[in-house]
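Colleague: I'm new to this one and would like a close look at a single part. Could you walk me through it slowly?

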Protein chains: 2
Amino acid sequence: MSDTDDDQELGITESKAGQTGKWYAEVVQKAGLADYAPMGGFIVTRPRGYAIWERLQENLDQMFKDDGVQNAYFPALIPESYLEQEAEIVEGFDPEVAWVTHAGTEELEERLAFRPTSESIITPYISQWVRSHRDLPMRVNQWCSVIRWEATDTKPFFRTKEFLWQEGHTAHRDEAGAWEETTTRLGQYEKLYEEVLAIPGMTGRKPDHDKFPGAEVTTTIEALMPDGKSVQAGTSHYLGTRFAEAYDLYYTDEDEDEQVAHTTSWGLSWRALGALIMTHSDDQGLVLPPTLAPEQVVVVPIWQSETKDEVLDYAAELAAELDAEFRVHLDDRDERNPGFKYNEWELKGVPLRIEIGPNEVEDGEATLVQRPDGERTVADRDAIGEAVQDALDDVYAKLYAAAEETVEERIHEAHGRNEILGTLGRHGGYVKTGWCGDEACETEIKDQIAAEIVMLPLDEDEEPVHETCGVCGEEATETAYFAKNY
Amino acid sequence: MSDTDDDQELGITESKAGQTGKWYAEVVQKAGLADYAPMGGFIVTRPRGYAIWERLQENLDQMFKDDGVQNAYFPALIPESYLEQEAEIVEGFDPEVAWVTHAGTEELEERLAFRPTSESIITPYISQWVRSHRDLPMRVNQWCSVIRWEATDTKPFFRTKEFLWQEGHTAHRDEAGAWEETTTRLGQYEKLYEEVLAIPGMTGRKPDHDKFPGAEVTTTIEALMPDGKSVQAGTSHYLGTRFAEAYDLYYTDEDEDEQVAHTTSWGLSWRALGALIMTHSDDQGLVLPPTLAPEQVVVVPIWQSETKDEVLDYAAELAAELDAEFRVHLDDRDERNPGFKYNEWELKGVPLRIEIGPNEVEDGEATLVQRPDGERTVADRDAIGEAVQDALDDVYAKLYAAAEETVEERIHEAHGRNEILGTLGRHGGYVKTGWCGDEACETEIKDQIAAEIVMLPLDEDEEPVHETCGVCGEEATETAYFAKNY
Ligand SMILES: [Zn+2]
Ligand SMILES: [Zn+2]
């Protein structure tokens, strides 16, 4: 940071309620989360952004490991002939594949795809590793980057040509085992959102025309953003036997008979960071739940020259004590005044600020200020650990409650083309309606208001909310959730 | 695993002392660490191999973080024009670059390199983030994969076209700061080898003709393998101001004058896993230090039908107790006999086996067997935690001592062409000799015995071991360490 013009440069100039897209881009850049890369569609994830991703990773990775998932690493490049073994994968991803064609000065005999997803390289190996029913279920996961060359506008974390994610791939004896796996992972994604990101998620299925290429069922967790648009926040696919057949994944059962395995795959990307930033942040900048914040607490001493020593000592001791239990930063910079520091740490999303001035020192206290709403409490120095924990719990609860309110206010029922369009136009969010199952009925809405069916209920047998399709009036077979999306 | 032919399939058939290369490949595959990928030069890192890598990562990452290094993520693809801004980087890596030329069906306007190393994309961003001296030092690191399309034979972990590594990139005010960084990271690599991998390392500099492209100084940690060859086990580069100048990395100092930064970069790859496997393993299979072993202890119950319940209960309770402190696996499979289990866990490198039979149950004891040398001790059930800790410490100490002996026996002085060649031929290892600084003298040795100068002393001013060059007889300016290498 240079010494001049910082105040102007630091502050967010756009408003969340006004130009949401510009505001989002500004928060991402000014909070130091990411920059645009020289190639359109790529970003550079800066240390602050990456630190949040690392914490998210740790949380999810631990859930996986507790549940028997093992991490592995497969090549970033996949031979074209491997992709081609599963026709729907090729069709689905070919238009988006980045191709390596040359190495040094030589042209390769076969083009290699930068992985858009790894079913086509992982399934053949699971197939080698699985022989008998005793080897099942087999679960591997990798944390890696993938490239999907989409032409649409870049939105850091939400939409980038290269993105970080985890992709899990599992094999099971039968449909029941694979389906349980599919919903278990979806449930873990939901848990991650609810307990770590402070975002309530809604789980469901994608309509057939929007499934993962080759999947029998694609389940999804959707999160509603404050601008009324839905984010596909993680997907878990039951792949049936299609991939197992394509990549020769068979096993011998108890009777020594050969059986085809059932497989799943499931992925969650750094789009979760996009949802996190978009959901909680405000016109002062980034807001983070304490679960993921690189610093949970910033201690800001406020001194005059005659009180400097005692204030700094008191603040340093308090910070050191808290450091055993929390992620704490003591901002004792000489060259900045407290107001500047407040703004900077608000911009960067530290959930709790502790102010220490001569009064606090004299009274043996500390002033706690919560980032989301500026709520101030005064805590006894002797009980500071508990007070900080309470304040952080409070911050989490507030963030979750605010996000939950957004969703609850924004699920409406509608019936008939005009009501659907009107409700989506007025309120955003989700519009529930009966659906006949025909993609054409989605297209009709999409063409007029760029909303689509983001979700159907997880339970296929659930009675539709209305007896007839909200668009065409034919018999409804399902409930559809229409929404605009990211 | 299928139910037949397992014994034969499980066992290592090659001997380490005989066909070291084949033995190594067999250990890697049969211990379940890695498989060959369909594309020559690539491997698939299996869960067991990846779990070891994850533990290594955790250890090194924590050292970095304790020291102010921040993780980040930069794009996997780098525009050709960015690579070209630093001439030596281009010359050094161009022949090995994998080029992305197409996305979907479109040809790209500019080719993109799969990163062979990231100075050329990271330095320009550090340049944007650094304005004043207050922003320095700046340290970023990324854990990622790189591709270098070398034509030589694949050796899993030692030599693969794509490999996992970390690459750190830092900027400093001056040479002193950057040089300190260079040696600090080298010291951390040394610590990782000594305290986590149980491998003593030797640190030094690379000769000028073997430096990282564009570096002022390349420092290296070398580890000697049991076959007498040296492995370049990690490198840390002082880059001077060359990259800062090429990518416009300047800062304003205290007097508001513009200054060029000094940069470093440093990397350690999964070659460390190669060194680990090669150093400690034996003709029974993988041997791992307890620091990195996915399971530190395997508990094997030995029962007859009439003792099964009590043995299993006792073993399960003991395993559960140890589980609080160690990574423990209870192998209670019904379908395998103890001998089979011993072989399997020896193959897989579990450092300590605990045998529980009816005698152990009756006497309130447990039999501990150390993987490296089969040393057996009997421990009281009541003091099992301490006994296990002692045994694991013992295993680590034995592994380190054995590796250290290998090195100490294999540093020889030699003078004169024939003595150098003879000593290298007889003993392998390192041959110390005076060197005039001329690459031609290295070439002469290399041409005859495929050994090269792997290292010079870290301290440039150290007096050479001999007054004259061991090859040409001219005045020596340095001590050179010749060795064959991986
Ligand atoms: Zn319809
Ligand atoms: Zn010479």
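What geometry do the four donor atoms give the site of the zinc ion (ligand 1)?

Modeller: Quick ground rules: this is a predicted model, where local features need pLDDT of at least 70, side-chain atom pairs count only at pLDDT 80 or more, and totals for chains, interfaces and linings use all residues. Residues are numbered from 1 along each chain as its sequence is written, chains are lettered from A and ligands numbered from 1 in the order in which they are written, and side-chain values use heavy atoms, with hydrogens and water left out.

Now the site: it's tetrahedral, with angles of 103 to 116° among the four donor atoms of the zinc ion (ligand 1). For four donors, that label asks that all angles lie between 85 and 135 degrees.

Who holds the metal? The SG atoms of C436(A), C441(A), C469(A) and C472(A) coordinate the zinc ion (ligand 1) at 2.3 Å. Donors here are N, O and S atoms within 2.8 Å of the metal (3.2 Å for Na, K and Ca); water is not among the atoms, so sites may look incomplete.

Along the chain, the donors of ligand 1 are spaced as C-x4-C-x27-C-x2-C. C436(A) sits in the loop between β21 (430-435) and α15 (439-449) of chain A, and C472(A) in the loop between β22 (451-455) and β23 (478-484), so this pair ties together parts that are 36 residues apart in sequence. Those helices (H or I, at least four residues) and strands (E, at least two) are DSSP runs, numbered from the N terminus. C472(A) is partly exposed, with a relative accessible area of 34%; buried would be under 20%, exposed over 50%, and partly exposed is in between (1.4 Å probe, protein chains only).

To place the sites in context, glance at where the chains meet: chain A and chain B each bring 60 residues to the contact, which counts heavy atoms within 4.5 Å.

How values were computed. Tetrahedral: all angles 85-135°; square planar, octahedral: opposite > 155°, others 65-115°.
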